[in-house]
Amino acid sequence: MKTVRVLIVDDHRLFRSGVRAELGPSIQVIGEADDVDSAVAAIADLEPDVVLLDVHMPGGGGQEVLKRVLGPGSQVRFLALSVSDAAEDVIGVIRGGARGYVTKTISGAELTDAITRVSDGDAVFSPRLAGFVLDAFASTEAPPIDPELDSLTQREREVLRLIARGYAYKEIAKELFISVKTVETHVSSVLRKLQLSNRHELSRWATARRLV
Amino acid sequence: MRETEVSKAPEAYPRLVRPVKGRVVAGVAQGAAAQLRLDPVVLRLAFVLLTVVDGLGFVAYAALWMFTPKEQVKGRDPGRDWGQLAAYGVLWLALAAFGWMTGASSGGFGTWPIAVGGIGALILWQQADPGRRQRWMTGAVKQVSTTWVRTIIGALLVAVGAVGFLAASGELAKARTGLVFTAVVVGGILMIAAPYLASLVKELQRERTERIRQEERAEVAAHVHDSVLHTLTLIQRNANDPREVTRLARSQERELRNWLYQPKQDADATLAAAVRRAAAEEEDAHGVPIEVVCVGDCELTDGLVALLHAARQAMVNAAKYSESPVISVYAEVEADEVTVFVRDRGKGFVLDDVPEDRMGIRQSIIGRMERHGGSARVRTEPGDGTEVMLTMKRNT
């Protein structure tokens, strides 16, 4: 099994060292950064496979890093990590280009698993993110502008629903009588829709869920 | 507001001086206002008004200017408030034009209505709450100085109106033209007043937002004090009991998170809020984290309340018997039905082995759901956790 080279971007030193200690042997932490500028520099310098990205940071946060790093030809993949459960943050960072979103309460083993998955080009959805996506894609009466991008297939909905119910990919595969690879394909396809869909409902929905 | 201003006012009458700071012309009105404990604006308006009436105000002002010493200040004199000066100038121009048109300024009968009306207005003005009036006035002045263009246009209109009227007044046949010019004059006055009125509205709005913000801040402070600080104290006191510390931290985290990120919801009115609250309460009672994900929301009905009780019972069972480290609750509201899943990854059990007299699953979950027209399905296997699926039609 190849080792995954990871850069940790978070402005809390304690959290960085905690994550470092928890990650499994298949993960190699090659560096740390504590703000947007040093993160951008470190990514260019170290070329990590996966960047663990904190959503809230001084200087614009995770979305700013994504904006400055991601572009044509960039190979690096991002897994967003946050204490925030605000829909706006979650949807924002995914639409900014992150391939997954997990909360900081995640266990070391699950985080290791998520990093491996992201480095393989798959998407990682927490139950809460899955709930957000279902909610966002459901909460509209308007007909989709681009049917391919603006709505979820029945199968994708089923997969998301199981993620929201707390099922792991392996359990989903068993439940739906499909392979784990197929589950991953469905989740990646949802991620693509989430990132590329132009529908206004997504952002409007996220904004409406803001604290009132 | 009023109390503080009164208490600030000096006990003895000070010597009459002309302050430099905040003066419009020479500080006469300001000095006299301080002496009389009135708003300077009132005296300024009075001077303007009296100037229109036979130039009385002008004479009075000049005399006071000559006999009153200037206030001593250190350093350079601060600049005049040109915006305010322009506003008073324009006001004077308008009054003068009105006076000419009605023939009032010639000292005839028409003088008195203006004077009486003006003094009445000043008294009314003085009646307003001083603090509020002060803020209105500063707002108005600011507005005037930032909308120079409007002031100039207004002044021009008034001047044109006055000149035009004078030109036309010789010919009675063209009285209609005179009326047009009167309309122009009134338009000019309205234009002068517009920024003031607009600033009134704006000021009121600002006051309201300010008050809301202050209330919000007080609420945040109170909340942090009541919850976070309190919990931190409890954690310090229970530092040697890791289970209790985790429970405290977890429940505080949940509470703060709800407060920050969840829209304010009435837990007695909507399903999502009620599910969250039930999960939070069971989590606190049993010390097992319960992760809740809700999709959609709707009003609670009798059937849904039954669903909620069944879901709570499922959470209790999972927390008490499954030994699962975490429980997942997923509630989904669809167009015609509501589904709630309660899942654990604990040790599971064999459903048929559950004795008939055990109320938990048979009565509180399955029985309750069926009585209310819903359905419950329990899926479990030893070693593979348990999942309870509850479905209820929305319109029952």
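## Chain B of a predicted model

Chain B contains 13 helices and five strands. The model is predicted. Of the 396 residues in chain B, 29% are buried. Where contacts in chain B join residues at least 6 apart in sequence, 69% of them link residues at least 24 apart.

### Helices 3 and 4

In chain B, helix 3 (residues 40-52) packs against helix 4 (residues 56-67) at an angle of about 125°, and the two axes are 5 Å apart. Helix 3 of chain B is therefore oblique to helix 4 of chain B. The residues that make this contact are listed by helix below.

| Element | Residues in the contact |
|---|---|
| Helix 3 of chain B | Phe47(B), Val48(B), Leu49(B), Leu50(B), Thr51(B) |
| Helix 4 of chain B | Leu56(B), Gly57(B), Phe58(B), Ala60(B), Tyr61(B) |

By class, the residues of the contact between helix 3 and helix 4 of chain B comprise eight nonpolar, two polar and no charged.

### Surroundings of Gly287(B)

Gly287(B) lies in the loop that runs between helix 11 (271-286) and strand 1 (290-295) of chain B. Because 14 other C-beta atoms lie within 10 Å, Gly287(B) is partly exposed. When neighbours within four places in sequence are left aside, Gly287(B) is in contact with Arg243(B) and Arg247(B). Gly287(B) and Arg243(B) are 44 residues apart in sequence, and their C-alpha atoms are 8.0 Å apart in space.

Definitions and conventions: Residues numbered from 1 in each chain as written. Chains lettered and ligands numbered in written order. Predicted model: local features only at pLDDT ≥ 70, side-chain atom pairs only at ≥ 80, totals over all residues. Helix = DSSP H or I, 4+ residues; strand = E, 2+ residues; numbered from the N terminus. Buried ≥ 20, exposed ≤ 12 C-beta atoms within 10 Å, placed from the backbone. Contact = placed C-beta atoms within 7 Å. Axes fitted to C-alpha atoms, helices over the stretch in contact; angles between N-to-C directions. Parallel < 35°, antiparallel > 145°, perpendicular 65-115°, else oblique. Nonpolar A, V, L, I, M, F, W, Y, C, P; charged D, E, K, R; others polar.
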